[in-house]
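This report goes through one protein model, from its overall make-up to selected side-chain pairs. Please keep the sequence and the three-dimensional view at hand while reading.

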Amino acid sequence: VKLFLFVYMLPMPSSIKASCSGRNAFPILRRYKCSMMGPFPMITGLAQLRILVEQTGLQDDVMVLAGDNLFDMKLTDFIDYYYMITTHELDDLEEAKRTGIIELDADGRVLSFEEKPAQPKTNLAVPPFYIYKKETLPLIQQYLAEGHNPDAPGNFIPWLIGHKPVYAYKFEGRRYDIGTLESYERVQELF
């Protein structure tokens with residue numbers, strides 16, 4: 001298992017922040033606040049990661065976990081296998097329309113990735129859990145420089161598939177999206 005020395009907490013929308021105030025589920029070794037510049041009130045996703053890399057000089061592998069998910073996957077398994085993205089099977093077609101969906105070959109290589117498809121090709125969902133190897137970080141800069149969507153990291157994966165092999169770690173277990181107040185309340189009822 002690799003050791004992560006720093007946890008960078010990036011800003012989150014105030015509506016979520018208010019509901020989480022005073023709760024620290026894990027120790028923060030380094031708190032990082034992005035310098036937000038530009039015409040938008042909130043820089044998110046890949047643009048935020050690019051700023052983090054630029055401002056800290058980060059030159060290492062990066063694990064990104066979107067905080068609007070609750071899951072029981074063992075992160076150590078994901079790290080040990082060292083895949084770039086995770087996937088799990090969904091039984092609910094409507095839920096599949098609200099997440100990224102991938103197609104894989106027999107070796108786990110990602111053949112296609114579609115964010116929130118109207119007609120999902122498979123039931124392999126991709127939660128926003130990624131490991132970007134240090135050699136991938138410059139590709140994020142290239143992707144953004146070409147004018148692609150700077151927000152959701154899932155938009156980067158289809159582009160990346162055309163530039164290098166991307167593999168998925170298929171995990172067993174449950175994953176819940178808690179990115180809206182409704183989905184957060186629904187998950188609270190389960191626990």
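## Basis of the description

This is a predicted model, in which local features need pLDDT of at least 70 and side-chain atom pairs count only at pLDDT 80 or more, while totals for chains, interfaces and linings use all residues. Residues are numbered from 1 along each chain as its sequence is written, and side-chain values use heavy atoms, with hydrogens and water left out.

## The chain as a whole

The secondary structure of the protein chain comes to seven helices and nine strands, where helices (H or I, at least four residues) and strands (E, at least two) are DSSP runs numbered from the N terminus. Of the 191 residues of the protein chain, 35% count as buried; buried means under 20% relative accessible area, exposed over 50%, and partly exposed in between, with a 1.4 Å probe and protein chains only.

The protein chain exposes about 11,700 Å², of which carbon and sulfur atoms supply 53%; accessible areas come from the Shrake-Rupley method with a 1.4 Å probe, and for residues only the protein chains shown count as cover. Among contacts between residues at least 6 apart in sequence, 65% join residues at least 24 apart, a contact being heavy atoms within 4.5 Å.

## Strand β3 and its partners

Strand β3, residues 85-89, is mostly covered, with four of its five residues buried. Two strands are said to pair if DSSP finds at least two bridges between them. On this basis β3 pairs in the parallel sense with strand β8 (residues 168-170) over three bridges, and Ile 85 stands opposite Ala 168 in β8. Strand β3 is also joined by two bridges to strand β6 (residues 124-126), and these two run antiparallel; the bridge partner of Glu 89 in β6 is Leu 124.

## The hairpin of β4 and β5

Strand β4 (residues 100-104) pairs with β5 in the antiparallel sense over five bridges, with Leu 104 opposite Val 110 in β5. The hairpin of these strands has five residues between them, and in it Gly 108 takes a positive phi near 90°.

Ser 112 has its place in strand β5, residues 110-115, and counts as buried at 18% relative accessibility. Its side chain is joined to that of Glu 103 by a polar contact of 2.6 Å; a polar contact is a pair of N or O atoms within 3.5 Å, of which, within protein, one must be able to donate a hydrogen and the other to accept it, and residues adjacent in sequence count only if both atoms are side-chain atoms. Leaving aside neighbours within four places in sequence, Ser 112 is in contact with Ile 101, Ile 102, Glu 103 and Ile 161.

## Helix α5

In helix α5, residues 137-145, the residues Leu 137, Leu 139, Ile 140, Tyr 143 and Leu 144 are buried. These residues lie on the same side of α5, because they cover an arc of only 150° around the axis, the arc being that of the directions from the helix axis to the C-beta atoms. The face turned away from the buried side of α5 carries the exposed residues Pro 138 and Ala 145.

The cover over the buried residues of α5 includes α2 (45-56), β1 (62-65), β7 (129-132) and α6 (156-161). Just after α5, Gly 147 takes a positive phi of about 90°.

## Salt bridges

Side chains of opposite charge can pair when their charged atoms come close. The structure holds three salt bridges, each defined as a side-chain nitrogen of Lys or Arg within 4 Å of a carboxyl oxygen of Asp or Glu. One of them joins the side chains of Glu 89 and Lys 170 at 2.6 Å, N to O. Glu 89 lies in strand β3 and Lys 170 in strand β8, so the pair ties together parts that are 81 residues apart in sequence. Glu 89 is partly exposed, with a relative accessible area of 46%, and Lys 170 also counts as partly exposed, at 39%.

Glu 54 and Arg 50 meet in a salt bridge of 3.4 Å, N to O, and both lie in helix α2, four residues apart, about one turn of the helix. Glu 54 counts as exposed at 51% relative accessibility, whereas Arg 50 is partly exposed at 27%. A salt bridge of 3.3 Å, N to O, joins the side chains of Glu 94 and Lys 97; Glu 94 is partly exposed at 42%, and Lys 97 counts as partly exposed at 26%.
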